[in-house]
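Subject: Handing over the model

Hi there,

Here is the structure I promised to pass on. Please open it beside this email, and then read on for what turned up.

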Amino acid sequence: MVEFFNQMSKYGHEQVVFCHDKTSGLKAVIAIHNTILGPSLGGLRMWPYKNESEAVEDALRLSKGMTYKNAAAGLNIGGGKAVIIGDSKKDKSEALFRAFGQFVDSLGGRYITAEDVGTCVEDMEMIKLETDYVSGLPEKEGGGGDPSPYTAQGTFEGIKIAVKHRLKRDDLKGVKVAVQGLGHVGYYLCKYLSKKGAELIVCDIDEDRVKKIVKKYNATAVGINDIYGVNCDVFAPCALGAVINDETIDTLTCSIVAGASNNQLLDEIKHGEILKKKNILYAPDYIINSGGVINVYYEAINQYNKDKVSKKVDKIYNTLDEIFKSSKEANITTNEAAAKLSEDRINNISGIHNFYRKNK
Ligand code: NAD
């Protein structure tokens, strides 16, 4: 147990809840990292972790990431995340998600859950039977539905401002963008980019997805291992994490890395610095891909409105503009500039709260 407290202290967590339900077989961890800006919000991941420590570590790491993502996006919400230990292909049941929903409810709103890897809208509907502290419900239920179009919209805005900074251009006509992964986000991103005249180079392990985009948007297909070294202006990872690593980083020919994948850099510090040295402008992943959480946020605070969501997502352009400028001024990586932006906002708001409490 002492080890877990050390980990909480290392990451700066407020609370970690271990949830167990014998009947449904639920084993879950809810990690609340920081609630200074508001209740914690972050998805529920279902994954067959090798052991319990791995599950706790993932919950701690991901919930801290949500604090930074939500703060930088200008949302009045803190960071949290939950994980269920299990195989999403065979261990799901109504009882499992309802039991989880009861644990979420017991926290009285300190944690709001949503979809993540291994969970989907149908699972959220089951959780909703037990608690109101759940977001990411289908549109027919009054929810925000699939967040991917908004994630793609934010990524597109991020690419525009990165191109302005690095290529000194206000338009995307003829700009070569290599999109890795043509799933939910990659598909919409290609649509946005093609509309503005960008040249698309694409890859996916799913050949049907590649064929569809090649046909629809006149894209050029390349192999999954060739995407890194392909001649392009922008590399947009929209498939997996850790794609910028010791093996790939020297093969990059792009001048910008800007895509939707989470945790794109295998080692945030080391690979962030190498990109900087190579003069490749990196749009920090949790800033550029925050369109999805913005969508979930408005639903969570009962103010869902597509127009409002879309306007807030467009602001990712301004946030990245600020990050690119401040990283240049301070001669730090864009990652460091992004972290500073989030930390400054949390510290400033925490100052206001202290002032209020002291004068109450
Ligand atoms: P998705 O599963 O719909 O699509 C991923 C695509 O990548 C699939 O088409 C898959 O076949 C392809 N792929 C897998 N391995 C590949 C490889 N080695 N090379 C090329 N393609 C490969 O996922 P998504 O919802 O589109 O999300 C994409 C990324 O963006 C993920 O990293 C996700 O965590 C992140 N993200 C998504 C959202 C969202 O709203 N969906 C929000 C924030 C971050």
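What follows is a walk through a helix pair, the ligand site and a handful of single residues.

A word on the ground rules: this is a predicted model, in which local features need pLDDT of at least 70, side-chain atom pairs count only at pLDDT 80 or more, and totals for chains, interfaces and linings use all residues. Residues are numbered from 1 along each chain as its sequence is written, and side-chain values use heavy atoms, with hydrogens and water left out.

**The helix pair**

Let me start with α10 and α11. Helices here are DSSP runs (H or I, at least four residues), strands are E runs of at least two, and both are numbered from the N terminus. Helix α10 covers residues 291-300 and helix α11 covers residues 306-314; they pack at an angle of about 145°, and their axes are 9 Å apart. For those values, axes are lines fitted to C-alpha atoms, for helices over the stretch in contact, and angles run from 0 to 180 degrees between N-to-C directions. The crossing of α10 and α11 is right-handed. By convention, a crossing is right-handed if the near helix is turned clockwise from the far one by less than a right angle, and left-handed if anticlockwise.

Which residues in α10 meet α11? They are Gly291, Ile294, Asn295 and Tyr298, and on the α11 side the partners are Lys308, Val309, Lys312 and Val313.

α10 itself is mostly covered, with ten of its ten residues buried. Buried means under 20% relative accessible area, exposed means over 50%, and partly exposed is in between (1.4 Å probe, protein chains only). The buried residues of α10 pack against β3 (40-41), α2 (52-72), β6 (111-112), α5 (148-167), α11 and α12 (316-330); contact means heavy atoms within 4.5 Å. Just after α10, Asn302 takes a positive phi of about 60°.

**The ligand site**

How many residues surround the ligand? There are 20, and the closest are Thr151, His184, Val185, Asp204 and Arg209. To be counted as near, a residue needs one of its heavy atoms within 4 Å of the molecule. An N or O atom in the side chain of His184 is 2.6 Å from an oxygen atom of the ligand. For Asn262, a polar side-chain atom lies 3.0 Å from a ligand oxygen. Ala260 comes in through its backbone, where an N or O atom lies 3.3 Å from an oxygen atom of the ligand.

**Single residues to look at**

Asp21 is in strand β1 (residues 15-21) and is partly exposed, at 22% relative accessible area. Its side chain makes a polar contact with the side chain of Ser24 (2.6 Å). A polar contact is a pair of N or O atoms within 3.5 Å; within protein, one must be able to donate a hydrogen and the other to accept it, and residues adjacent in sequence count only if both atoms are side-chain atoms. Leaving aside neighbours within four places in sequence, Asp21 is in contact with Leu26 and Ala99.

Gln7 sits in helix α1 (residues 2-11). Is Gln7 buried or exposed? At 11% relative accessibility, Gln7 counts as buried. Not counting residues up to four places away in sequence, Gln7 touches Val56, Glu57 and Leu60.

Lys64 belongs to helix α2 and is partly exposed at 25% relative accessibility. With residues up to four places away in sequence not counted, Lys64 touches Tyr11, His13 and His33. Lys64 and His13 are 51 residues apart in sequence, yet 7.7 Å apart in space, C-alpha to C-alpha.

Finally, two loops. Asn331 lies in the loop between α12 and α13 (334-358), is exposed at 56% relative accessibility, and has a positive phi of about 55° although it is not a glycine. Thr333 is in the loop between α12 and α13 but is buried, with a relative accessible area of 7%. Ala242, in the loop between β10 (234-237) and β11 (256-257), has a positive phi of about 60° although it is not a glycine.

Happy browsing, and do write back with questions!
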